[in-house]
Amino acid sequence: MHEFFSFTFIQHALMAAVLASIACGIVGTLIVINQLVFLAGGVAHAAYGGVGAAITLRLPLLPTLLCFTSSTALLMGALTVKRRERTEVLIGALWAVGMAIGILLLDFSNGYNVDLMSYLFGSMLAVSSFDLWVMATVVALIVVLAVVFYEELLMISFDMEYARTKRVPVWLIYTLLLLMTACATVVLIRVVGIILTIALLTIPSFIGMRYADRLWKMMVIAALSSFVFCVGGLIAAYFIDVTASAAIIVLETLALGIILLCEKLSEFWYKHKLCNQLNSD
């Protein structure tokens with residue numbers, strides 16, 4: 001195991017896992033509570049257009065993705081903020097258009113890019129020092145925004161009407177949340193890829209919601225859970241030669257399944273015990 005941690009690419013992957021987990025804990029929790037999972041999925045998949053732009057124009061990947069996903073998130077927010085309950089068609093259209101733009105741009109590029117699959121499914125073991133600097137900057141921005149606007153994010157997450165009565169700039173905070181979602185997407189794409197980003201954003205947060213009664217506690221549990229899953233996937237990728245991103249998602253899905261099963265068994269046992277007590281009385 002000491003040899004495992006001595007490799008530079010493993011150390012980079014672990015640092016990427018830490019950064020991705022922080023992004024998941026903060027932004028994923030806000031996405032799940034605000035019921036923005038489908039919108040976040042739209043932003044993540046539309047990011048493929050940013051991949052196409054970066055490859056075709058020979059631009060740095062992560063900064064280009066950040067610009068593209070931020071623009072997409074703002075566009076989705078502008079189209080859906082007043083009708084958040086009936087937004088599936090608009091988000092689905094932008095989801096598809098983003099991917100279509102990426103495909104067309106790649107068609108115009110000079111030949112097929114050999115790293116294309118790593119953008120779709122992640123390449124945790126190929127994270128570079130430059131990637132880490134960009135990811136660290138983005139995550140630092142997410143943390144600062146979450147701390148500074150914590151109360152406002154809390155209010156719009158649980159009672160938007162109450163937030164308005166408290167003179168919270170709801171539209172501004174909602175836009176801020178969308179930009180944080182775009183930032184988190186950029187961080188996660190390098191770890192699990194475009195296709196699997198939404199799962200890593202939501203499953204640890206869903207787990208956190210089941211064991212915490214405060215927003216910040218949900219974020220902490222989600223971040224810790226995400227880190228455990230990322231490390232587990234990384235170990236699986238190294239020792240049994242599987243794709244790290246797929247292993248991460250399978251691990252967290254299994255963990256969620258076990259948690260739900262234990263809850264059902266606990267509920268069944270409690271009802272059974274209660275029935276026995278009533279019958280004995």
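This is a predicted model: local features need pLDDT of at least 70, side-chain atom pairs count only at pLDDT 80 or more; totals for chains, interfaces and linings use all residues.

Visitor: How do α3 and α11 pack, angle and axis distance?

Guide: Helix α3 (residues 37–46) packs against α11 at an angle of about 65°, and their axes are 8 Å apart. Axes here are lines fitted to C-alpha atoms, for helices over the stretch in contact, with angles from 0 to 180 degrees between N-to-C directions. Therefore α3 and α11 are roughly perpendicular to each other (65 to 115 degrees; under 35 is roughly parallel, over 145 roughly antiparallel, the rest oblique).

Visitor: Which residues of α3 and α11 meet?

Guide: On the α3 side they include Val37, Leu39 and His45, and on the α11 side Tyr174, Ile198 and Thr202 are among them. Contact means heavy atoms within 4.5 Å. By class, the contact of α3 with α11 has 12 nonpolar, 6 polar and no charged residues (Ala, Val, Leu, Ile, Met, Phe, Trp, Tyr, Cys and Pro are nonpolar, Asp, Glu, Lys and Arg charged, the others, Gly among them, polar).

Visitor: Is Thr202 buried or exposed?

Guide: Thr202 is buried, because its relative accessible area is 14%; buried means under 20%, exposed over 50%, partly exposed in between, with a 1.4 Å probe and protein chains only. Leaving aside neighbours within four places in sequence, Thr202 is in contact with Val32 and Val37.

Visitor: Switching topic: which residues touch the most other members of the largest nonpolar core?

Guide: Met124, Ile142, Met180 and Ile248, out of 88 residues in that core. Helix α11 (residues 170–209) gives the most to this core, with 24 residues. Such a core is a set of buried Ala, Val, Leu, Ile, Met, Phe, Trp, Tyr and Cys residues joined through side-chain atoms within 4.5 Å.

Visitor: What is Met180 in contact with?

Guide: Beyond neighbours within four places in sequence, its partners include Ile26, Ile142 and Leu153.

Visitor: Which residues of α9 are buried, then?

Guide: In α9 (residues 150–158), Leu153, Met155, Ile156 and Ser157 are buried. Their cover includes α2 (8–33), α8 (129–148), α10 (160–165) and α11.

Key:
Residues are numbered from 1 along each chain as its sequence is written. Side-chain values use heavy atoms; hydrogens and water are left out. Helices (H or I, at least four residues) and strands (E, at least two) are DSSP runs, numbered from the N terminus.
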